[in-house]
Amino acid sequence: MRLSIILFIAVTSLMNHSIAANLHLAIVTASNAETPGRGRSFAGILTRVERPVRRAVELALFESKTSFEAFGIVPELQVIDMDATKPLDEQLKAIRSTALTILDLPRPEFIEAAKILDQKGQTIVNVRHPDTDLRDTLCLPSLFHTIPSERMYFDALGQFLIYRGWRKVLIVHGPTEKDKVRTKILEQSLKKFGADISDLREFTLSHHPDDRDKNKPEFLTGGASYDVVAVIDSARDFGRYIQFSTRRARPVVGDVGLTPVGWHRALERYGAPQLNERYQLFDEDKPLSASEAMSDQEFAAWSAVKLITNSLGTVDSIAETVNPRDILAHPGAQVDLYKGTRGSIRKWNNQLRQPILLATGDAVVAVAPMPKFLHPKHYVDTLGLDEPESRCNLR
Amino acid sequence: MKANYNKAVFYRLFIMHVILVLALIGGTKVSAFEALLTNERSGDVIHIDRSGSTTHVVPICNRPRGMVSGLIDSHVIIACSDDHKVIVYDRAAREIHSEISPVQGAMNVAVHKASGRLFVTNEGAARASVFDLSSSQLIAELPTGLEPDGIAITDDGKTLFVASENAGLVHVFDATTYAQEEVIKTNLRPRRIALFKSELWVSSEMGSRVEIFDIETRKKKDEVIFAPKGFRPEQMTPVDILFNDSTNEAYVALGSANHVAIVDATKRKITKYILVGRRAWGLGLSPDQKTLIVLNGLSDDFTLIDLKTKRPQLTKRAGLIPHSIKVFE
């Protein structure tokens, strides 16, 4: 186990607080973990950017420097790289009990570690997994989610399709278990907003002539009437070839084409260009090119830290150590997400409520919730599992 | 019988016409003015007249944003964000008089006329800078939080306030020694600062409110939260604040909520919400204080509001992404 502690230089004038308080943060990663199908297609072609979230956490700390000074806070970041050959619970003991812990592990290890840390009442954040069940059936009181859930992504897509009047949807999905689970969630979202599903088709990677109904996009999308094709392809593999090859000239949405995302490099409004530029340039030793932006996972990690630093004013007195749980539990906890509306925590399942962007490679086409999708309590709550539908009730 | 009827109709029509003509005369009895608008995306300044007609379009620089009156009446100072400079524009000659460069990421500007100093927020550089306007020399650079936007100097030229959007802070500086005096914590995304009597009003764009602080003690006195009927509070994104001394009212542009709010400045009560164009930011007031002009950044137009009836009169085309407005007699 490699453990490194980075002490941020605290150039604090401590204007309003005479005593410095500590804010502990931890990132738990598994840099050597094998995660098959994660953004990598055949022959090593990268189909999706997957980066560690540390740069985004450091950006959030960089941005919070003046707030730390104003509140008299000294942040400390622990980065713990898990060794798969050693027992998990032993390694987790290295995390400070008061730390806001960003648990960036593959799903099985994530669930195991989350349960252990939740037992101890330590505050954990999920920035990696949009899997709806983690918010719904796993439902741990100490586990917070700043990455949107699949339901939030697909609800955003569903609203967009209805808004555009593309009601008849042909769903094309991959053969993996993950694809099937996500297809079910997409179906729920489409039904929620009143779309019609023309048909469900499964593709295969096999090129065998007997499978041509399943491996040729023209055949796969033939013999049905539809306004739009929704593709579920978690590995970003075959799905990439469906656009521009459909039997009918129809737009493609979902995992390819128009995609629901949490963050995007081409968002022009809400101060987003400043955030993107800062992400590229704040670390003078490791600048990134102008085309690089935070992935959804990185944005989720940035949001988690900013949720704490934007809400330091919610706790009246700050003790020797800031308890992130006190801040997250406060009804006034909020974060400026650079997406046009502030983010806050849904009390029933600890999910960060936030707008979802509908984007192509180089443009943000819409920001959901779409116009006219109204909610009686909070307008962003038309996205994702709302309190009455949630099986998790932490309130 | 018929003649009588015709007579009655004629009489009524006559009265109606008299009223109409009187109304028209009354309607035009508003003093003339000239207003300048900066347009971020089209990179120009447009001159408009009292009727809302564009009289001149002057290409000026890349991404002109904040604007303030200069030291002499015909001079207007404009921040050119993408050119990293500030220009002094002569509105009578309709040409650039001089420029101050470099001014990294110049965003908003304030002028203290008595001392001839210019105060600028440097958006990307997390600081504010101070210039001597007569010599264009840099006097001081003041570190702020990230994304500084709103900037205001007290009338006596002794205290400077700078709002940092990202940091959620207003930095207070002694404007004679340039030492930082204090940091005021605000709600999410403080944007603009307006000084009113002994008060400091700060709009919190993501906090959907205006916070009011005492200029002397810097303690929070009050806040006004915007929540028009049919909207959720989180959809209110206030930016510009403008005061009308004659009526003791504050006008607040509510951004993405497409409304402008009228606030009783002493009672802190919202008296009216007026629907305007998309992303209402910039605000201007006619010299006779009878017309409010609202810039709608996402519909590329501006709305004239009659402050007597508190209704929009007309909406006219601006340049691309209008940002700031300044009105002159």
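**A strand and its surroundings**

Modeller: Pro260(A) stands opposite Leu358(A) in β14(A). This is a predicted model: local features need pLDDT of at least 70, side-chain atom pairs count only at pLDDT 80 or more, and totals for chains, interfaces and linings use all residues. Residues are numbered from 1 along each chain as its sequence is written, while chains are lettered from A and ligands numbered from 1 in the order in which they are written.

Strand β14 of chain A spans residues 356–359. (Strands are DSSP runs of E, at least two residues; helices are runs of H or I, at least four; both are numbered from the N terminus.) Both of its faces are covered. Ile356(A) and Leu358(A) are buried on one side, Leu357(A) and Ala359(A) on the other. (Buried: 20 or more other C-beta atoms within 10 Å of the residue's own; exposed: 12 or fewer; partly exposed: in between; C-beta atoms are placed from the backbone.)

Now the partners. Strand β11 of chain A, residues 259–261, runs antiparallel to β14(A) and is joined to it by three bridges. (Two strands pair if DSSP finds at least two bridges between them.) Strand β15 of chain A, residues 364–368, also pairs with β14(A), antiparallel and over four bridges. Here Leu357(A) has Val367(A) as its bridge partner. The link from β14(A) to β15(A) is a hairpin through four residues.

Next, the domains of chain A. Domain 1 takes 2–148 + 263–354, and domain 2 takes 151–261. (The bounds come from an automatic or database assignment.) Eleven residues from domain 1 and ten from domain 2 make the contact in chain A. (Contact: C-beta atoms, placed from the backbone, within 7 Å.) On the domain 1 side, three residues are nonpolar, six polar and two charged. (Ala, Val, Leu, Ile, Met, Phe, Trp, Tyr, Cys and Pro count as nonpolar; Asp, Glu, Lys and Arg as charged; the others, Gly among them, as polar.)

The largest nonpolar core has 192 residues. Val57(A), Ile102(A), Ile78(B), Val86(B) and Val294(B) have the most contacts inside it. (A core is a set of buried Ala, Val, Leu, Ile, Met, Phe, Trp, Tyr and Cys residues joined through C-beta atoms within 7 Å.) Helix α11 of chain A, residues 296–310, gives the largest share, eight residues. Domains 1 and 2 of chain A both give residues to this core, so the core lies between them.

Leu307(A) is in α11(A). Leu307(A) is buried, with 26 other C-beta atoms within 10 Å. Beyond four places in sequence, Leu307(A) is in contact with Ala333(A), Val335(A) and Gly343(A). Its C-alpha atom is separated by 9.4 Å from that of Leu352(A), 45 residues apart along the chain.

Helix α1 of chain A holds residues 54–63. Seven of its ten residues are buried, so α1(A) is largely enclosed by the rest of the structure. Among the buried ones are Val57(A), Leu59(A) and Leu61(A), and also Glu58(A) and Glu63(A). Their cover includes β2 (21–29), β3 (73–81), β4 (100–104), α10 (272–281) and α11 of chain A.

On to chain B. Ile78(B) is in contact with Thr38(B), Val45(B), Ile60(B), Pro64(B), Met67(B), Val86(B), Ile87(B) and Tyr89(B), leaving aside neighbours within four places in sequence. Across the chains, 19 residues of chain B are in contact with 16 of chain A. Strand β15 of chain B, residues 180–185, supplies the largest share of the chain B side, three residues. That side has six nonpolar, six polar and seven charged residues.

Chain B also has an open antiparallel sheet of four strands, in the order β24-β25-β26-β27. β24 (280–285) and β27 (311–317) each have a single partner strand, so one side of each is left without a neighbour in the sheet. β24(B) pairs with β25(B), residues 291–296, over four antiparallel bridges. In that pair, Leu285(B) stands opposite Leu292(B).

Another open antiparallel sheet of four strands in chain B runs β20-β21-β22-β23. Its edge strands are β20 (241–244) and β23 (269–275). β22(B), residues 259–264, pairs with β23(B) over six antiparallel bridges. There, Val263(B) stands opposite Ile270(B).

Conventions:
Contact = placed C-beta atoms within 7 Å.
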